[in-house]
Amino acid sequence: MGMTQDAPTPQQQAHASGSGILIVQIVGDGNTVIDAARPHLSLRTHLGRTWAEPGKGEPGSPGYTALGQQETDLLSPFTRSFAMQGREAVLAGLDAWLGGDRRIAVQVLTGAGGRGKTRLAVELCARAREKGWLAGFAAGDEMARFRSQQAVAAWGWAKPLVVVVDYAAAKAEPIGKWLSDLMHHPALDDPGLPPLRLLLLERQGGRESAWWRQAFGGPKVTRLLAADAPYAIALLETPAQRWAVFAEAYASASGGGAPGQDLVLDHELARVSAGGEPLFLAMFGLIAARIGLDAATGLRTDEVALRLADEELERIRRAWTARGGGVRGDVALHAVLAALATLSEGWTADEAHAAIAEECAALHLGGAIATEPLRAALHAALPGEAGGIAAVVPDLLGEALAIRALATLPEDGLPAIRRAHARNGAAVTRSVIRACQDFLIRGQRQPLAWLKAVRAAATDLEALAALYEAMPADTVELREAALELSETLVEAARIGTEGGEAPGEAFRAIALNNLSVRLSALGRREAALAAIEEAVAIRRRLAEARPDAFLPDLAQSLNNLSNRLSDLGRREEALAAGEQSVTIDRRLAEARPDAFIPNLDRAMKYLSDGLSELGRREAA
């Protein structure tokens, strides 16, 4: 059952249920589907604010018309404004994966912010819909909501289906549970049932990362993975590719032709895009069209992003003022609210009311504030679903906007960050960490202060652990901050937090294991060894008492111990630890091959390396 409106916009929902298959395809705003007895999954073709005029199609379609579109709108991956360059091999691989023989299949795309992961997913979904598939993004907390329904294991789909999940690390737990359910689904081996494709997007994280193990750690779940997963999206390789992205953006903004390709321009494009980040090439093209190529040459990448953020703030101001938002005191309230909504990954209508009231009170903007007119004015600028407020996309533009807007507040906006974190802790934490990844390396230090504010707000052990899990493993810009947090976790694991009880030895071993990795990354080898030795001692005791539960953890720590000993040149001891790890993993793999053969494979590789270092080449 369902009620639909036929005014198409860039938003779409697809609801599918299991027993007595129900599919409701919705295009347009203001729709409601109610079938409480059946589990359903909602997908959207567009995330963030929308631009299409009713009746004119979705971005990229032949009849698409933009209303009030400005240059920064071209940067959204959902507008499909620019042709993709240098992605032919990736798209060919995704097309082959889409049409493969597997009934249920999973692929993972990784790459830094601005590399084009979301744009590729949008393109894949568009191609799938042209072939009659249902395809879209599971936005926000949709995966967690989907998993919370009754009888979700029996959920089914009556048409071929593509589900895209962005920021996959934050949703690894519900993804992992769903994949475990799908391992028992009739569609897995029945060629008569329509296929399902799950595409996960994340900045980083290989098969040994924490979120990967959480998502794909279930029995036999790795059977669903594409052979080349995770597929890392590369920088644009050639001068011609870099110029093509720049030229199209320049021409779109200027209404004329772009400067011709030459060695001097290519050197500038390679510099400003860190070697070929597509988003920064497009950003530079827009700025160069606005201020002239000579004036744009030499701008730092952060300056390019911040100039475009100023344009986006001006667009938001115009929309806000037109809907009666007005000026309140000396504070650019529209900018502050847009920044906080973006760092919160968007607000629902209720969240917007609460945030507006709290921010107006904190900024001393008068007595009792009528929040509805302000919510409506902000919604006009950043229209989200069901009256909510959309985040500014892409991430880099939204982060730059937040840097600009919050710098106008007392204490550089840190009290506002703390308030936003209290309202939307997990989302703000993720956004702040992404901003650190994107802007610390480009000379902007404000996100690091935001991170410290978030860290200070995480006073309980669960919040500390969640913040640590959100930290990327390999980002140079955050190594010191991650180490500090790891040391805090170890201390909290020893004594508890805020007078609470210590969480137990198992948690302390995890914290020590992670601390050892962080110390090693910073070259502090002696301290790294001491931390992993303590972790091994704890896990050895736990494994003696409960081998089924703790032997895998002991094997992992023995591998790390072997590496730390090897780092210090203690090769015989490193070899002994590696041999112990292989012995344990071999026993586990014999009992549960699907779960533990990858671990044994990894342990044997480390052991081979250790034997080779000792000159025992035949054994290696």
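**Helix H11 and other packing**

Colleague: Which residue follows H11, and what is its phi like?
Modeller: H11 is followed by Glu345, which has a positive phi, near 60 degrees. Helices here are DSSP runs of H or I with at least four residues, strands are runs of E with at least two, and both are numbered from the N terminus.

Colleague: What kind of model is this, and which residues count for what?
Modeller: It is a predicted model, where local features need pLDDT of at least 70 and side-chain atom pairs count only at pLDDT 80 or more, while totals for chains, interfaces and linings use all residues. Residues are numbered from 1 along each chain as its sequence is written, and side-chain values use heavy atoms, with hydrogens and water left out.

Colleague: Back to H11. How many of its residues are buried?
Modeller: 11 of the 11, so H11 is largely enclosed by the rest of the structure. Buried means under 20% relative accessible area, exposed means over 50%, and partly exposed is in between, with a 1.4 Å probe and protein chains only. The buried residues of H11 include Leu333, His334 and Thr342.

Colleague: And which residues of H15 are buried?
Modeller: In H15, residues 414–423, they are Leu414, Ala416, Ile417, Arg419, Ala420 and His421.

Colleague: Which helices do those pack against?
Modeller: The buried residues of H15 pack against H11 (333–343), H12 (349–362), H14 (395–406), H16 (425–439) and H17 (446–457). Contact means heavy atoms within 4.5 Å.

Colleague: At what angle do H15 and H16 pack?
Modeller: About 130 degrees, and their axes are 5 Å apart. Axes are lines fitted to C-alpha atoms, for helices over the stretch in contact, and angles run from 0 to 180 degrees between N-to-C directions. H15 and H16 are therefore oblique to each other. On that scale, under 35 degrees is roughly parallel, over 145 roughly antiparallel, 65 to 115 roughly perpendicular, and the rest oblique.

Colleague: Which residues meet there?
Modeller: From H15, Ala420, His421 and Arg423; from H16, Gly425, Val428 and Thr429. The residues of this contact of H15 with H16 divide into 2 nonpolar, 3 polar and 1 charged. Nonpolar covers Ala, Val, Leu, Ile, Met, Phe, Trp, Tyr, Cys and Pro; charged covers Asp, Glu, Lys and Arg; the others, Gly among them, are polar.

Colleague: What about H22 and H23, how do their axes cross?
Modeller: The axes of H22 (residues 547–567) and H23 (residues 571–591) come within 8 Å and cross at roughly 160 degrees. The two helices, H22 and H23, are therefore roughly antiparallel to each other. Their contact residues divide into 11 nonpolar, 6 polar and 3 charged.

Colleague: New topic. How many disulfides are there?
Modeller: A search of the whole structure finds 0 disulfides, a disulfide being a pair of cysteine sulfur atoms within 2.5 Å. Cys125 counts as buried at 2% relative accessibility, and Cys436 counts as buried at 0%.

Colleague: Where is Arg300, and what does it touch?
Modeller: Arg300 is in the loop between H9 (293–296) and H10 (301–322). Arg300 touches Arg271, Arg442 and Gln444, leaving aside residues up to four places away in sequence. Arg300 and Arg271 are 29 residues apart in sequence and 8.8 Å apart in space, C-alpha to C-alpha.

Colleague: Last one, how many helices and strands does the chain have?
Modeller: The chain has 24 helices and 7 strands. Of its 620 residues, 52% are buried.
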